[in-house]
Amino acid sequence: MGTPTSSTIAIPETGDVPRHVAIIMDGNGRWAKKRFLPRVAGHRRGVEAVREVVKACMERGVECLTLFAFSSENWRRPTEEVNFLMQLFLKALEQEVEKLHANGIRFRVIGDLSAFDPVIVEHVRRGEALTAGNTRLTLTVAANYGGRWDILQAANRCLAERPGEPITEELLAARLSLADCPEPDLFIRTGGEERVSNFLLWQLAYTELYFTPALWPDFGAAALDEAIASYRARERRFGRTSEQLAATLPQPKVG
Ligand code: IPE
Ligand code: IPE
Ligand code: MG
């Protein structure tokens, strides 16, 4: 695994295309409700939006795409909806993993999988192993994921591996679930809510945040391009001044 980049230790290289896009796919239930359909119909359509966005990211040269599919708090939903989401996840694994592999996509899942049906875990592990050598796009699905869970599991691993040693930023960052991807450049949340909902709490330190009222099933390549256009118009200062950026000073190491 490569050295993890940390935006608070060294200023990351940035370009016109975000290297890492992280998305909270929200609004499936409202999409369905607007059409007098059951909420689960929105989740089903959400899978189609995933397909389109994965393809668009690949075509645009995004290196990492991370999708929030099920949060550690989503267990609080009605049992029938949780069960449906699990079935949908399994079906998507069965139907999509081979296609991802054929497209050179590395697939993996982050989150606490111990709560999932062993059949799902088996499919996940098989898909991860099959696609492990692919380099075109790293597609990470966050399932039973929580930002606080991630920080805690990383901290506990630091303590177990180096008892008595203080935890440093580098040690912790290297043990987070997404350690082998650069920190997200662009965060997108569909569905109109402007909150992070316990997604990548540590890694979003210097991420550009983009919120859109579009509901996830309506989100696609054109909507992604709008988000990327907004991202391009941002000035990523990482603590410096605009004048410093304009002078294109050699980027000093922070800290
Ligand atoms: C996001 O859509 C999908 C999951 C959280 C699994 P929602 O189901 O949250 O849709 P809304 O927010 O109720 O519209
Ligand atoms: C966040 O959406 C989690 C996922 C998209 C998987 P939620 O719909 O669960 O978020 P809240 O509860 O409105 O914050
Ligand atoms: Mg929601």
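**Buried, in these legends, means under 20% relative accessible area, exposed means over 50%, and partly exposed lies in between.** The model shown here is predicted.

**View 1. F238 is a buried loop residue.** F238 has a relative accessibility of 9%. That value is under the 20% limit, so F238 counts as buried. F238 is found in the loop between helix 7 and helix 8. Helix 7 covers residues 221-232, and helix 8 covers 242-246. The backbone deserves a look too. F238 is not a glycine, yet its phi is positive, at about 50 degrees.

**View 2. N198 is another loop residue with a positive phi.** The phi of N198 is about 60 degrees, although N198 is not a glycine. N198 lies between strand 5 (186-189) and strand 6 (208-211), in the loop. Is N198 buried or exposed? Its relative accessibility is 15%, so N198 counts as buried.

**View 3. Ligand 1 takes up the space of the largest pocket.** A shell of 13 residues surrounds ligand 1. The closest are D26, G29, R30, R39 and R77. Three helices each supply at least two residues of this shell: helix 1 (28-34), helix 2 (39-60) and helix 3 (79-102). Which element gives the largest share of the shell around ligand 1? Helix 1 does, with 3 residues.

**View 4. Oxygen atoms of ligand 1 lie within a few Å of polar protein atoms.** Start with the side chain of D26. An N or O atom there is 2.8 Å from an oxygen atom of ligand 1. A polar backbone atom of G29 is 2.9 Å from an oxygen atom of ligand 1. For N28, a backbone N or O atom lies 3.1 Å from an oxygen atom of the ligand. How much of ligand 1 does the protein bury? Taken alone, ligand 1 exposes 380 Å², and the protein buries 87% of that.

**View 5. Ligand 2 sits in the largest pocket.** The residues around ligand 2 include I24, M25, D26, F68, A69 and F70. S71, N74, R77, R189, R195 and S197 are also among them. Strand 2 (residues 64-71) gives the largest share of this shell, 4 residues.

**View 6. A32 is a buried residue of helix 1.** Its relative accessibility is 0%, so A32 counts as buried. Beyond its neighbours within four places in sequence, A32 is in contact with L37, P38, R39 and G42. How many residues apart in sequence are A32 and P217? They are 185 residues apart. In space, their C-alpha atoms are 9.1 Å apart.

**View 7. T66 is a buried residue of strand 2.** T66 has a relative accessibility of 0%. Its side chain makes a polar contact with the side chain of H20, at 2.8 Å. Setting aside residues up to four places away in sequence, T66 touches H20, V21, A22, I23, T140, L178 and F199.

**View 8. R108 is a buried residue of strand 3.** Strand 3 runs over residues 105-110. With a relative accessible area of 11%, R108 is buried. Which side chain makes a polar contact with the side chain of R108? The side chain of D180 does, at 2.9 Å. Contacts of R108 beyond four places in sequence include E128, T138, L139, S177 and C181.

**View 9. I167 is a partly exposed loop residue.** I167 lies between helix 5 (147-161) and helix 6 (169-173). Its relative accessibility is 37%, so I167 counts as partly exposed. Leaving aside neighbours within four places in sequence, I167 is in contact with A155, C158, L159 and L172. I167 and N156 are 11 residues apart in sequence. Their C-alpha atoms are 9.7 Å apart in space.

Definitions and conventions:
Residues numbered from 1 in each chain as written. Chains lettered and ligands numbered in written order. Predicted model: local features only at pLDDT ≥ 70, side-chain atom pairs only at ≥ 80, totals over all residues. Heavy atoms only, no water. Buried < 20%, exposed > 50% of the residue type's maximum accessible area, 1.4 Å probe, protein only. Polar contact = N/O pair within 3.5 Å; in protein donor to acceptor, adjacent residues only side chain to side chain. Contact = heavy atoms within 4.5 Å. Near = heavy atom within 4 Å. Areas by Shrake-Rupley, 256 points an atom, 1.4 Å probe, with all protein chains shown as cover. 1 Å grid on protein atoms, 1.4 Å probe; cavity = no way out; pocket = protein on both sides within 12 Å on 5 of 7 lines; lining within 4 Å. Sits in = over half its atoms within 2 Å of the grid points.
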